[in-house]
Amino acid sequence: MTETSTVRCLLGMLGTDVHSKGIRTLAQILRDAGIEVIYIGEHNSVEGMANAVVDEDPDIVGLSFSSAAYIDYTHQLIAAMQRKGVGDVPVMLGGIIHPDDYETLRGIGVAGIFGPGSLMPDIISFVRSKARPAA
Amino acid sequence: MDQERSKPGSETNQLFEHLENLEIKLTRTKSWGGLETKQSYGPQDVTSDYATNIGDPGAYPYTRGAYPQMYRSRMWTLRNIVGYGAPEDTREGLEKVLAAGGSGVSIVVDPLTTQSIDPDHPAFAPEVGLEGCSLPTSRDIDRLLHGLDLSKIDTAWHWAAMAYPMVAAVHVKRGQDLSTLQGSNMPDMLQETLCGWGQNLIPAELGHRTTVDEIEFCVKNSPRWALGMPQAYDLRERGLSPAGEIAVGMAIINKTMEDLLARGMAVNHVAASIAWVSTADIDFFEEVAKFRALRRYWARTMKERFGATDPRALRLRIACHTSGKSLVYKQPLNNLTRTAIQGLAALCGGVQSLEACTFDEPVCVPTHEARDLAIRQQQILANEVGAARVADPFGGSYYVEALTDEVEAAAVAMLKKIEDVGLIEAVTSGMIERIMDDYNLQTQRELDAEERIVVGVNKFVPLEEPAPTRFTFDPTNTRMHVRRFAELKQQRDAARWRAGLQDLYCIARDGGNPLQAMIDAFIADASVAEVWGTVRVAHNYSYDPYKALEAPIKFV
Amino acid sequence: MNKNVPAAAAAILAGGRRAAARLLSRAEAGDEAIINDLRALYRAGGHARIIGFTGPPGAGKSTLVDRLVTELRTKGERVAVIAVDPSSPFSGGAVLGDRVRMGRHASDEGVLIRSMAARGILGGLAPATGDAVTILDAMRFDTIVIETVGVGQSELDILAHADIVILLQTALGGDGVQTVKAGILEIADVLVVNKADTQGSDKMVRYLTEMAAHAAPRPDGWVPPVLAAQAVNGAGLDLLCDAIGAFFVHRAARPEVDLARRRRQVRARVLALTDAALRRLLLQRGDAGLERRIDDIIARISDPHDLARLLSQRGLK
């Protein structure tokens, strides 16, 4: 018999972006919703974040962007995750994501997009929906 | 099937029923910053004595304004920020702004330049020229400003420490004297540590020290260069109430001033060169109260804590950029309403320069059209609304005077907490970071509970809307710019460049003021990453804060 | 080597990072199906040194661990870090942010960092910490660092896993000396006063040194050294490494003391496992037999002792 599966969500940022207040607030909101957040903060290299996904084995990875470089960086991260054998971990994006890019992002494998004005309950349900059965 | 529903007209009945129950109820009586308010205010709520605690405009303690005539004697500077791509691209944008009637040149640099990272850094190619102009060398600044005499026009830089030595390098290379250089930057580096940069990018001690070095050097050598301190705009955006702005900002000012006085500078001299970089958020009355409380607290602090006697040191000048985070992505034209109100709050608050966000700020780098509207907004405020007619129009309002006192009291309480621990410790221990995180979490909870209503975010959200247009520009110039940068590194006078960095290293390592050496290094074609990296190494930090690159020379 | 090693364990013994991470998640979730993997991995282990760091929040543990990892890497060691943070008592969730301070090691294949939430009632170590150590040990990491916040039980919990316990304190808050908990000298093998440039640090170092000198002698005869450090710039790190080295030498010269400690640790680990199993049993809903017995206890026909004895006699099913 297993315990109720606790969802583990890795949150972090790539590139030089310093606008972490959104993801920091999200981390606390998710915690208050019973989720375990592995918070890796700002300024992660693609390699470093992909390694974190391997070693932390989260149910879902969340990235936040405030600049327009998100397609490039997300692409690089997903490629690195695939190389390291964790390409199956769903990736969600938040921040200033333009609707015109949604299709491209889904095409490179992004599972969830939470642009400006996204509601917290929606993000929480999405994260919870990614809980894997323990076995 | 419900019989009622299929009757014609019944839908209309339901709609009107709905309307009968519709009432706009106030969900919140607290100010946006969290101060509780009463239903109305009267004379009994104003406890400040006019003569000692309010004063006339232009008279100590300057609550009502820095100058007696305020905008009648001098209109505020209308600034619009520009910055994207290569220097050539930003120059084009600059010329458009000036043609539309903007009176100030205000430049923002890209994230790499802001962080003193060169555009050829292996990890960050996607970000070169985004959100700001890529300016890795003084030659690039010269390109951006060619034909513009820096002793005659005032360039404002949304950029911290490296802006001054780089622009100064251009000025000196053109054969002019540092003392004639006009302009401004925002040398507040502790603010960077606090606002998401972190200790890896800006170690608190080094950042603070560099700020003090730069202010000391500027005040002595370029008296016409204004220093935007603290950079409270980003502090607010990160997560502080208006009272919090005053508290954290004054903590930074107090420590900076103490260190400058310890170096033998005079408060009268230093304070006069400083202008507070502020924001105007959406709670109109609270922001007006904040500007007033800020000026009063500044004046009192300069006089009582630091012994200032010169009015130029006691009266605080304020530069305001309206709040970016308060703007909403959905139905962005609503942001014109927001920025107009925020602009009006800043003017009623008596600021000396005003930059309004464009309505498309949440979406992208401002389009030219949006920038145009932002300029017109200020022109309407100046010429039609009467915002310039009378100094401190809210002076004497029972509500605003009471709110001014409350904002000040809340600020003083937070400032005490910070100073009890010590500013640097409050930064490195994460105490201020926690204050900001708590504020943001509280705000989010209030949004989720619909106690705090933001139109287009948690209420009155349009269901369908076309995707906003975004600003695009041709990346050709940016690519050329990166190639040109690589070429410069090959072609520059290597001996001179090397000597420049070596000298800078020695001075920084030995505890001297490195600003002159920085200027000289920039003149010798060192890049922004090379100059700041050298200072970092001199203080025993890694050359590249991202640890991907080594220093280009071995320092001795 | 046992040829019947289950698949997940085999992958981990072959160096599979992802397999290890996955097994660890399943251990955290209390998945009983992985028992054979854990048993195989345990038998393959026993080589790593396990260093425990504990202390109050804000003492700078993660920063110090970051520095220690750097130091160990220059010596060629492969290092794993288990960073434990408390779970929210209200929601059960957690923000695990210790990795942020160890970011420089993120791209280093010789370092593995795993964040774990305590998932307990009063903080302390995560129930799956023991399994995490088992897995990492079997992967041939030379040193495994367990970092935990010293609230509630956790200072005691770490004794069950660590070969050496390092306690971090700071003089912040002014009355730092008074906040040092009684009994810490029984837990800590090395005491570090971090942020040594803070006012009051010298006093704290002196106070702790005196305490250590005058405390009742430990069975192993070790007197915990008290060090001053500044994790942010690495000051004191070399002394810490020396102290750790000295402790292991001291320990190696006293095999009977070492054995006694290991026996205590085995008991503690087994207790933690049985506790966890018993908790799962007792907290489960829907077992009609169990619910009836609970009703009987409420009705005072039976009593808590009856049920407890029944469960311990029956064994854990």
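Chain C is divided into domain 1, covering residues 44–253, and domain 2, covering residues 268–314. In this predicted model, the C-alpha centres of domain 1 of chain C and domain 2 of chain C lie 36 Å apart. The model scores ipTM 0.94 and pTM 0.90.

**Domains of chain C**

- Four residues of domain 1 of chain C are in contact with four residues of domain 2 of chain C.
- On the domain 1 side of that contact, three residues are nonpolar and one is polar, while no charged residue takes part.

**Chain C as a whole**

- Chain C contains 13 helices and eight strands.
- A compact globule of 317 residues would have a radius of gyration near 20 Å, and the 21 Å of chain C agrees with this.
- Taken along the principal axes, the C-alpha atoms of chain C fill a box of roughly 60 × 50 × 40 Å.
- Of the 317 residues in chain C, 43% are buried.
- Among contacts in chain C with a separation of 6 or more, 72% are accounted for by residues 24 or more positions apart.
- The mean pLDDT of chain C is 88, and 92% of the residues of this chain reach 70 or more.

**Chain A: overall fold**

- Chain A has five helices and five strands, which follow the pattern β-α-β-α-β-α-β-α-β-α when read along the sequence.
- For 135 residues, the radius of gyration of a compact globule would be near 14 Å; chain A has 14 Å, in agreement with that expectation.
- The box filled by the C-alpha atoms of chain A, taken along the principal axes, is roughly 45 × 35 × 25 Å.
- Buried residues make up 62% of the 135 residues of chain A.
- Residues 24 or more positions apart supply 73% of the contacts in chain A with a separation of 6 or more.

**A:Leu26 within chain A**

- A:Leu26 is placed in helix H1 of chain A, a helix that spans residues 21–32.
- A:Leu26 counts as buried because 27 other C-beta atoms lie within 10 Å, where 20 or more are required.
- Not counting residues up to four places away in sequence, A:Leu26 touches A:Leu11 and A:Ile123.
- A:Leu26 and A:Ser118 are 92 residues apart along the chain, yet their C-alpha atoms are separated by 11 Å.

**Interface between chains A and C**

- In this interface, 32 residues of chain A are in contact with 32 residues of chain C.
- On the side of chain A that touches chain C, the elements giving two or more residues are helix H1 (21–32), strand S2 (36–44) and helix H2 (46–56).
- By class, the residues on this side of chain A comprise 14 nonpolar, ten polar and eight charged.

**Chain B: confidence**

- The mean pLDDT of chain B is 92, with 95% of the residues of this chain reaching 70 or more.
- Residues 1–6 of chain B are an exception to read with care: pLDDT stays under 50 there, and the model has three contacts beyond four places in sequence for this segment.
- Where pLDDT is low, the predicted coordinates should not be read in detail.

**B:Arg338 within chain B**

- B:Arg338 lies in helix H15 of chain B, which comprises residues 334–348.
- What is the burial state of B:Arg338, buried or exposed? B:Arg338 is buried, because 24 other C-beta atoms lie within 10 Å and the cut-off is 20 or more.
- B:Arg338 touches B:Ile282, B:Ser326 and B:Leu327, with residues up to four places away in sequence left out.
- B:Arg338 and B:Leu314 are 24 residues apart in sequence, and their C-alpha atoms are 32 Å apart in space.

How values were computed:
Residues are numbered from 1 along each chain as its sequence is written. Chains are lettered from A and ligands numbered from 1 in the order in which they are written. This is a predicted model: local features need pLDDT of at least 70, side-chain atom pairs count only at pLDDT 80 or more; totals for chains, interfaces and linings use all residues. Two residues are in contact if their C-beta atoms, placed from the backbone, lie within 7 Å. Helices (H or I, at least four residues) and strands (E, at least two) are DSSP runs, numbered from the N terminus. Ala, Val, Leu, Ile, Met, Phe, Trp, Tyr, Cys and Pro count as nonpolar, Asp, Glu, Lys and Arg as charged, and the others, Gly among them, as polar. pLDDT is the predictor's confidence in each residue, from 0 to 100. The radius of gyration is taken over C-alpha atoms; the globule rule is 2.2 Å times the number of residues to the power 0.38. A residue is buried if 20 or more other C-beta atoms lie within 10 Å of its own, exposed if 12 or fewer, and partly exposed in between; C-beta atoms are placed from the backbone. Domain bounds come from an automatic or database domain assignment.
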